[in-house]
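The structure comes first, and the text follows it.

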Amino acid sequence: MTEKKSASYSTGEPALDQKIAELLEAAGIRSGQREYFEMVATAIRFARQGTTPGDIRMINQAFKEIRYADAVFQPYRGVKKVTIFGSARLAPDTPDWRMARSFAEQIAKAGFMVLTGGGDGIMGAAQLGAGKEMSFGLNIRLPCEQRPNEVIEGDRKLIFFRYFFTRKLHFVKESHAIALFPGGFGTMDECFEALTLMQTGKAPIVPVVFIDYPGGSYWSAFQEFLRKELLSRGLIAEQDFHLFTFTDELEEATREIERFYYNFHSYRFVGDLLALRIHRAPDDSTLAAIERDFEDIVARPGSFSRTGALPPEANEPELLSLPRLCFPFDRRSYGRLRQLIDRLNAF
């Protein structure tokens, strides 16, 4: 059973709740920031429900890792970032390694920072291409320790994680695009997790680019598997293929990411409306075409409307000036939503 979240979430003891509120006030945390109260209350409830010491250590470590990573990323919130996944085993004399280095160099010149796992292989190639100043390393502590590559080693933007799940959280949460090069189990894990989160609406849609060297077969074989074994059996939908693209041209990979942000900025749900924040609102004829071509993703009787910022968005002052395209999205057709974003970027 899922515990209902509401303004009444607390320890269940009014006197103790009051002490938490007083503690937060003494720390300078405003009473309106309800989430901090709930975090403290949750810690107390963990202690009182008999959670095992091992689980408490895991929760505590994960919480601290998330807090620390947030502090590292804070100064760079205004810079878009591209996560690059790929094998740690590929050597500098392989075409994949050379492609990763060249791609990272191009994307850094385009103004994007690069996130990698901080190790060798594709990760080291990408950070060599982007340079230390434009790089983050999200390293994982393993029994056989994965040493950071020489580009990111010792840098403030190198973060060590104990758990894969906190590390992967930040790969997705902090990314404005994802580029995948050939890799092993880890790369496949990261690939499918990112696609699953976007397909189900649990993570925002961002450009996902699978990059191979000219004549390479790694991703073409992967695409064939998706179509032959997943799509043909109805395990995924044709529209899911709009969530990603395959290429062996570095310029096309870079353009795919840049194009995504040509007009589109971001989106958020406000009630049952999806508000697409854009730099330029569609004119009447473009809006009419959108209403006709994308009526299948509208959840209820209603239509697309051009608006300004909605009242619940007032806590995002840097976005208030952007126009919006709002509609009741069905929260299911995320491949089609990507097509709508592409349409908005095209005019």
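R338 is buried, at 3% relative accessibility (buried means under 20% relative accessible area, exposed over 50%, partly exposed in between, with a 1.4 Å probe and protein chains only). D342 is partly exposed, at 34%. The two side chains form a salt bridge, 2.9 Å from N to O; the term means a side-chain nitrogen of Lys or Arg within 4 Å of a carboxyl oxygen of Asp or Glu. Because they are four residues apart in helix α11 (residues 334–346), R338 and D342 are separated by about one helical turn. Salt bridges with shared partners join E252, R255, E256, R259, R338 and D342 into one network.

This is a predicted model, in which local features need pLDDT of at least 70 and side-chain atom pairs count only at pLDDT 80 or more, while totals for chains, interfaces and linings use all residues. Residues are numbered from 1 along each chain as its sequence is written, and side-chain values use heavy atoms, leaving out hydrogens and water.

The whole structure has 27 salt bridges, including these:

| Pair | Closest N and O atoms |
|---|---|
| R48 and E13 | 2.2 Å |
| R77 and D70 | 2.6 Å |

R48 is exposed, at 52%, and E13 is partly exposed, at 36%. R77 is partly exposed, at 34%, as is D70, at 27%.

The model also holds an open sheet of seven strands, paired in parallel in the order β4-β3-β2-β1-β5-β6-β7. Strands are DSSP runs (E, at least two residues), as are helices (H or I, at least four), numbered from the N terminus; two strands pair if DSSP finds at least two bridges between them.
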